[in-house]
Amino acid sequence: MDCIFCKIAQKQAPAQIAYEDDEFIAFHDIRPKAPLHLLLVPKKHIPSLQESQEGDAELLGKLLLRAQKVAQEKQVKGYKLAMNVGKEGGQEIDHIHLHLLAQ
Ligand code: 5GP
Ligand code: ZN
């Protein structure tokens, strides 16, 4: 599958990795829109939130909790989370991910 985020998760493409566990990886966005701009990505290939299903509920819940953990590790005081959904929603990479932005 030609998915850059799967390749990054599988270490077949380079990225500045900030966090990793069995199910998630977080790395720095190549075009940062804030002093800290991370992409938090489930390793499971789900193309977008629109393609997620009931069975992904636990993974989606964990995605938010991992954002909390990564923000805590990065010692930011506050942060913004964003998810673009679909081409018309500004989604460029078809692998579900959460943007974590902070000063
Ligand atoms: P989206 O628009 O899909 O929500 O966000 C995709 C983000 O991924 C963009 O902010 C873009 O800068 C970033 N991005 C695209 N390709 C790569 C890449 O190969 N490596 C990294 N680290 N970020 C990427
Ligand atoms: Zn993927």
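User: Which side chain does the side chain of H37 touch in a polar contact?
Analyst: This is a predicted model. Start at strand β3, residues 36-42, where H37 has its place. From there, the side chain of H37 makes a polar contact at 2.8 Å. The partner is the side chain of H99.

User: Is H37 buried or exposed?
Analyst: Look at its relative accessibility, which is 2%. The cut-off for buried is under 20%. H37 falls under that cut-off, so the residue counts as buried.

User: How much of the accessible area of ligand 1 does the protein cover?
Analyst: Begin with the contacts. An oxygen atom of ligand 1 lies 2.8 Å from an N or O atom in the side chain of H99. Backbone atoms take part too: an oxygen atom of the ligand is 2.8 Å from a polar one of G90, and an oxygen atom is 2.7 Å from a polar one of E92. On its own, ligand 1 has 520 Å² of accessible area, and the protein covers 90%.

User: Which element gives the largest share of the shell around ligand 1?
Analyst: The space taken by ligand 1 is the largest pocket. Two or more residues of the shell come from each of α1 (4-9) and β2 (24-28). The largest share is three residues, and it comes from α1.

User: How many charged residues are in the shell around ligand 1?
Analyst: There are 17 residues around the ligand, and D29, N84, E92, H97 and H99 come nearest. Now sort the shell by class. Seven residues are nonpolar and six are polar. The charged residues number four.

Technical notes. Residues are numbered from 1 along each chain as its sequence is written. Chains are lettered from A and ligands numbered from 1 in the order in which they are written. This is a predicted model: local features need pLDDT of at least 70, side-chain atom pairs count only at pLDDT 80 or more; totals for chains, interfaces and linings use all residues. Side-chain values use heavy atoms; hydrogens and water are left out. A residue is near a molecule or strand if one of its heavy atoms lies within 4 Å of it. A polar contact is a pair of N or O atoms within 3.5 Å; within protein, one must be able to donate a hydrogen and the other to accept it, and residues adjacent in sequence count only if both atoms are side-chain atoms. Accessible areas come from the Shrake-Rupley method with a 1.4 Å probe; for residues, only the protein chains shown count as cover. On a 1 Å grid over the protein atoms alone, a cavity is a set of points where a 1.4 Å probe fits but cannot get out, and a pocket is an open set with protein on both sides within 12 Å along at least five of seven lines; lining residues have an atom within 4 Å of a point. A molecule sits in a cavity or pocket if more than half of its atoms lie within 2 Å of its grid points. Helices (H or I, at least four residues) and strands (E, at least two) are DSSP runs, numbered from the N terminus. Ala, Val, Leu, Ile, Met, Phe, Trp, Tyr, Cys and Pro count as nonpolar, Asp, Glu, Lys and Arg as charged, and the others, Gly among them, as polar. Buried means under 20% relative accessible area, exposed over 50%, partly exposed in between (1.4 Å probe, protein chains only).
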